[in-house]
Amino acid sequence: MSHSKNNSLKKPGFAQAAIDELGWWRAHKFLFLRRLSQISVFAMFAIGPWFGLWLLKGNLSASELLSVVPLSDPLASLQVLLTGHIPELSLILGAVIIALFYALLGGRVFCSWVCPVNMVTDLASWLRRKMNLPRTSEMPRNLRYYLLALVLILPVLTGMTVWEWLNPVPVLYRAVLFSAGSGLWILAATFLLDLFISERAWCGHLCPTGALFALLGKASPVKVSAVNAKDCDNCMDCFDVCPERQVLKPALRGQQPMITDSDCTQCGRCIDVCAQRVFQYQNRIALKAENNQ
């Protein structure tokens, strides 16, 4: 099926061209798999306090896998260290394991495939499209790196892990797993900020956890690549759905097909919604080795 390069002739409805061309499943595959991943991780934590089966004990800040393997958020561990206290060896080891894991897969894979707050901000983005709300001017994207610096300075000044009181990720886990709803206003504020004030404000511009994972994932071998950029029909569906749409421009303009910008969350939605199959995941190390043969 051919698609007009004139945006004015686009079919109504979000990603409708991809659904018509590829079918509903292929136009939503990575979205479905992401939701399955996020819910599965959450369920592994939930079945402990709910049913007494402790696959993952704790939360995304610090936990144990099968009561043996320590796992901990590198940012939370850094904050503990910067308070002047020496973290337990398990906390340090858990932070190293997680840091290496996301450095390999691509740091912000955490944001789109694991973080439960992503479901809240994706809902706000979906509602924006449904309500035809105008696009607002975006905040500076480097703001999250300034907030990351602030999060790391505060423990030095206060001797406390201040950010963990406000971090919406553990807030959500505590609310659902342990009925601790006192921090739910933070999630509500995040949702309303994204819906009415600034599009993709939290994940795309503010979250210090995402900023740290972006730094960790700079050298990741797994990337999204515009392998068929020549087939792009300028429908803009990928820009509509991408939480970091600035990363798409160099790839689609032919400057560099592979999206190496560490801001990319590798959510796969650009792959889903593109009727022309412009995008796919690639391993840049394997690709480089193949090209050198």
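Leaving aside its neighbours within four places in sequence, which residues is Thr121 in contact with?

## Thr121 and its contacts

Thr121, which lies in helix α6, is in contact (heavy atoms within 4.5 Å) with Thr190, Asp194, Arg200, Trp202 and Cys203, once its neighbours within four places in sequence are left aside. Thr121 counts as buried because its relative accessibility is 1%, where buried means under 20% relative accessible area, exposed means over 50% and partly exposed lies in between, with a 1.4 Å probe and protein chains only.

This is a predicted model, in which local features need pLDDT of at least 70 and side-chain atom pairs count only at pLDDT 80 or more, while totals for chains, interfaces and linings use all residues. Residues are numbered from 1 along each chain as its sequence is written, and side-chain values use heavy atoms, with hydrogens and water left out.

## Helix α6

Helices here are DSSP runs of H or I with at least four residues, and strands are runs of E with at least two, numbered from the N terminus. Helix α6 covers residues 117-130, and its 14 residues should span 20 Å at 1.5 Å a residue, which agrees with the 20 Å between its end C-alpha atoms; the expected span is 1.5 Å times one less than the number of residues.

Among the buried residues of α6 are Val117, Asn118, Val120 and Ala124, and the buried residues of this helix pack against α2 (29-51), α5 (109-113), α9 (168-178), α10 (184-197) and α11 (201-206). After α6 comes Asn132, whose phi is positive, near 55°.

## Salt bridges

Side chains of opposite charge can pair when their charged atoms come close. The whole structure holds nine salt bridges, each being a side-chain nitrogen of Lys or Arg within 4 Å of a carboxyl oxygen of Asp or Glu. One of them joins Asp122 to Arg34, with the closest N and O atoms 2.8 Å apart; because Asp122 lies in helix α6 and Arg34 in helix α2, the pair ties together parts that are 88 residues apart in sequence. Asp122 is buried, with a relative accessible area of 13%, and Arg34 is buried as well, at 2%.

Another salt bridge, between Arg144 and Glu244, has an N to O distance of 2.9 Å. Arg144 lies in helix α7 and Glu244 in the loop between α13 (237-241) and α14 (248-252), so this pair ties together parts that are 100 residues apart in sequence. Both Arg144 and Glu244 are buried, and they belong to a network of salt bridges that also links Arg108, Arg141 and Asp263.
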